[in-house]
Amino acid sequence: MINEKNVKLGEVRSGIRELFEYGKLRKSQIGEEDVYDFSLCHPSVPPPERVTLTLQKLLAERDPVELHGYTSAQGDLYTRQAICGYVNKTFGAGVSPDLVYMTCGAAASLTITLNAICNSGDEVLTFAPFFPEYTVFADHAGAKLVPVATKEGSFRIDFDNLERAIKPETKAVIINSPNNPSGVVYSEEEIKKLCATLAECGKKYGTEIYLISDEPYRELVYDDIKVPYIMNYYDKSIVCYSYSKSLSLPGDRIGYIAVNPAMTGCKKVYSAICGAGRALGYVCAPSLLQKLVAEAQGVTSDISVYKSNRDLLCSALTEFGYDVVKPEGAFYLFVKAMEADANAFAERAKKYELLIVPGDSFGVKGYVRISYCVSPEMIKRSLPSFKALAESYKK
Ligand code: PLP
């Protein structure tokens with residue numbers, strides 16, 4: 001008998017995947033232009049020119065055997081040094097290359113980190129709404145993901161709920177700011193309060209509570225919003241970074257884990273990360289991509305189109321009567337469904353050729369996620385459908 005748990009995991013298609021397949025079918029029936037697919041989560045803007053030029057240069061000038069060869073299990077020292085140089089100059093965190101581990105994106109960073117720190121029976125808290133794969137990652141690490149409800153409508157941290165959720169079993173808290181799907185960015189004040197709460201509860205129970213910052217959207221913020229760097233606020237912190245969105249490279253799979261040097265026992269935690277990476281087969285992240293990101297520190301795709309898409313959608317949807325909270329970052333709107341059942345609402349939206357994702361899988365009922373990493377032209381074409389969908393509820 002093979003592993004039935006994994007069979008089940010592999011057989012269940014995610015709701016987003018289902019919608020994508022439905023969209024493909026519908027486009028073949030009525031034409032590409034007339035289906036409005038807001039289910040996606042991959043960048044609609046190309047990688048920055050610097051990325052393309054660097055790749056060309058690497059391919060043209062470097063020894064191909066070395067370029068495509070194995071790197072150290074934890075990644076090229078040169079790349080890890082370049083990352084530390086940028087992070088330390090920008091955030092003053094004092095990270096050192098021997099605490100950085102190169103990965104295949106944020107998903108791998110999170111899986112490795114949870115496997116490194118969790119033991120069977122541990123609990124990992126996260127704020128709802130949250131990236132649905134956290135449940136799978138925590139489960140694989142032998143832990144249980146415990147969603148903590150945020151404030152209704154604003155999705156900001158509810159500290160009473162957080163305090164109630166922390167128990168002696170709590171091993172870690174995952175934050176994702178800017179957040180997928182709400183677009184919320186935690187302010188410095190919220191981060192300070194969060195860190196103080198974790199420190200107090202850890203003291204009360206005599207436990208170590210790690211703070212894991214999942215950061216694929218760090219640079220995708222609008223209107224001069226600042227994303228506090230977690231290492232400057234909490235010693236037991238680990239950053240899980242990805243270049244999937246910041247450099248528009250989701251299919252190339254590159255990111256890293258950085259352990260806070262201020263953490264007592266940081267070297268041991270890093271060893272556990274190296275060990276978990278080894279056990280999971282996540283060693284030697286893609287070599288070419290490692291060499292690329294070393295030369296692209298501080299570079300970000302042109303995110304101006306995301307901002308204008310956000311502004312266009314927010315004002316149109318508000319005018320049509322939707323309950324919209326303007327996101328501060330990432331490229332998603334989390335909008336209240338016009339009926340209690342978000343699945344029924346998303347199903348009705350399909351009649352208007354709108355593909356939007358029910359929020360239930362993100363741990364919040366009654367909302368839908370609308371991804372605005374799409375072309376501005378598609379948004380403009382879709383607006384009559386959003387209007388008609390809203391009007392169908394007024395009849
Ligand atoms: N975390 C969040 C919040 C995400 O939205 C995603 C991808 O959309 C990931 C992690 C995984 O990112 P990556 O492509 O870097 O593995």
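A charge sits over a ring if NZ of Lys or CZ of Arg is within 6 Å of the ring centre and within 35 degrees of the ring normal. Lysine 350 meets this over the face of tyrosine 22, at 4.4 Å from the ring centre. Arginine 348 lies over the face of tyrosine 393, at 3.9 Å from the ring centre.

The model is predicted: local features need pLDDT of at least 70, side-chain atom pairs count only at pLDDT 80 or more, and totals for chains, interfaces and linings use all residues. Residues are numbered from 1 along each chain as its sequence is written, and side-chain values use heavy atoms, with hydrogens and water left out.

The structure holds 18 aromatic pairs. Rings of Phe, Tyr and Trp (its six-membered ring) pair if their centres lie within 6.5 Å; planes under 30 degrees apart count as stacked, over 60 as edge-to-face and the rest as tilted. Two of the pairs are tabulated.

| Pair | Type | Centre to centre | Angle between planes |
|---|---|---|---|
| Phenylalanine 91 and tyrosine 229 | stacked | 4.2 Å | 5 degrees |
| Tyrosine 322 and phenylalanine 386 | edge-to-face | 6.2 Å | 85 degrees |

Phenylalanine 91 lies in helix H5 (residues 77-91) and tyrosine 229 in the loop between strands E6 (210-215) and E7 (237-242), so the pair ties together parts 138 residues apart in sequence. Helices (H or I, at least four residues) and strands (E, at least two) are DSSP runs, numbered from the N terminus.

Tyrosine 322 is buried, with a relative accessible area of 6%. Phenylalanine 386 is buried too, at 1%. Buried means under 20% relative accessible area, exposed over 50%, partly exposed in between (1.4 Å probe, protein chains only).

Phe155, Phe334, Phe362 and Tyr367 form one aromatic cluster.
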